[in-house]
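Dear colleague,

I am handing over the structure below, and I would be grateful if you could look through it alongside the notes that follow.

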Amino acid sequence: WLKKGEPIKIGLLFSRTGGLAVPEEDSTLVMQYAVDEINKAGGIAGMPVEPVIVDAKSDFTVYSEKTKELILRNKVIAIFGCYTSASRKAILPTVMAQDHLLYYPTCYEGAECTQNTICTGPLANQHSKDLIPFMVKQFGKKVFFVGSNYVWPKESNKNAKIWLQQAGGELLGEEYIPLGSSEFGPVLNKIRDAKPNFIFSTVVGASDIAFHKQFKQEGFKADTMPIASLTTGEIETRAMGNEFGAGHFLSAPYFQGLDNPTNHKFVEGFLK
C-alpha cells in the first residue's frame with residue numbers, strides 16, 4: 001500500500017508542554033534521532049521514515065484526540081508515545097478500534113496484553129524486585145511509599161509490597177498525590193512523623209522534581225532517609241539540579257553512563 005519512495009509515516013505522541021514534558025520531550029528527541037539514523041542508512045526498504053510530531057500537552061483528552069488525528073488524518077502506520085499508563089489507557093480504545101499499533105516505551109505495570117501494544121519499558125521484576133531488598137539491606141526495614149495517583153504507581157506498589165515482605169521490611173505509610181501536583185507538604189509531614197528508613201517513590205514528571213526539591217527544603221537528608229525511585233533518571237535530575245538528586249537512588253534499565261561501545265556510539269551521536 002506504499003509506493004516506492006513514499007515516506008513511511010509514524011506518529012510521535014508525547015507531551016512537550018505541561019507536567020509530563022520533562023521526560024516526554026526527551027522521548028520525542030530520542031525518537032527523532034532514531035528516525036534520522038534510519039534515514040541516513042537508507043530508510044526502510046528504500047523508503048524514508050517521516051515522523052508526525054504532536055504535543056499531547058500532558059492532557060489525557062488531548063492524547064485521545066491526537067491519536068485519532070494521527071491514525072485517520074495523518075495515516076501513520078504506528079504510534080510511538082505516552083509516558084504514563086493512564087495516557088496509554090486513554091488512547092488504547094482508539095488504537096484497538098482502528099486495529100492500529102502503539103509502541104509504549106516506558107515503565108509498565110504488567111497484567112495487560114493486547115495485540116495492538118508493544119511495551120518496551122521495564123516491568124516490576126526488572127527494577128523494584130532488586131531495588132527494594134537492596135534498600136532494606138543498606139538503610140533499614142521501615143519504608144514509606146509515595147506515588148502519583150494513577151494506575152502504574154498503584155500497581156507497581158502492589159508488587160513492591162511483595163518484595164518488601166520477602167525482604168523483612170515494614171510499610172509505614174502509602175500516599176498518592178494527583179498527577180502533576182507540586183504540593184508535598186502534607187505528605188512530608190506524614191513522613192516526618194513516621195520516621196522511615198527510606199522512601200520508595202513512584203512519583204513522575206514535574207511532580208517528581210517538586211518532591212525532591214521540597215524534600216531537601218524541608219530539611220530531610222538523603223544520607224539518613226534517601227528516596228528510592230523507579231522514575232528519577234538523568235533527565236529529571238538535570239531538571240531539578242544535582243544538589244536535589246544527590247544521594248538518592250534509582251533502579252532503571254538504562255543510564256547514560258553505561259560503559260559499552262553501543263551506548264558510547266548512541267550518546268555521542270545523540271548529544272552532538
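**Helix packing and the parallel sheet**

In this predicted model, helix 1 (residues 21–40) packs against helix 10 (residues 261–271) at an angle of about 100 degrees, and their axes lie 11 Å apart. Since angles of 65 to 115 degrees count as roughly perpendicular, helix 1 and helix 10 are therefore roughly perpendicular to each other. On the side of helix 1 the contact is made by Leu29, Val30 and Tyr33, while helix 10 contributes Lys265, Phe266, Gly269 and Phe270. Sorted by class, the residues in this contact of helix 1 with helix 10 are 5 nonpolar, 1 polar and 1 charged.

Turning to the sheet, 5 strands are arranged in the order 7-6-8-9-10, forming an open sheet with parallel pairing. Its edges are strand 7 (170–177) and strand 10 (249–250), each of which pairs on one side only. Within the sheet, strand 6 (residues 142–148) is joined to strand 8 (residues 198–202) in the parallel sense over 5 bridges, and Phe144 stands opposite Ile199 in strand 8.

Two helices that lie across these strands also deserve a mention. Helix 5 (residues 151–166) lies across strand 6, strand 7 and strand 8, and runs at about 175 degrees to strand 7. Helix 7 (residues 205–217), for its part, lies across strand 6, strand 7, strand 8 and strand 9 (227–229), with an angle of about 160 degrees to strand 8.

Key: Residues are numbered from 1 along each chain as its sequence is written. This is a predicted model: local features need pLDDT of at least 70, side-chain atom pairs count only at pLDDT 80 or more; totals for chains, interfaces and linings use all residues. Side-chain values use heavy atoms; hydrogens and water are left out. Two strands pair if DSSP finds at least two bridges between them. Helices (H or I, at least four residues) and strands (E, at least two) are DSSP runs, numbered from the N terminus. Contact means heavy atoms within 4.5 Å. Axes are lines fitted to C-alpha atoms, for helices over the stretch in contact, and angles run from 0 to 180 degrees between N-to-C directions. Angles under 35 degrees count as roughly parallel, over 145 as roughly antiparallel, 65 to 115 as roughly perpendicular and the rest as oblique. Ala, Val, Leu, Ile, Met, Phe, Trp, Tyr, Cys and Pro count as nonpolar, Asp, Glu, Lys and Arg as charged, and the others, Gly among them, as polar.
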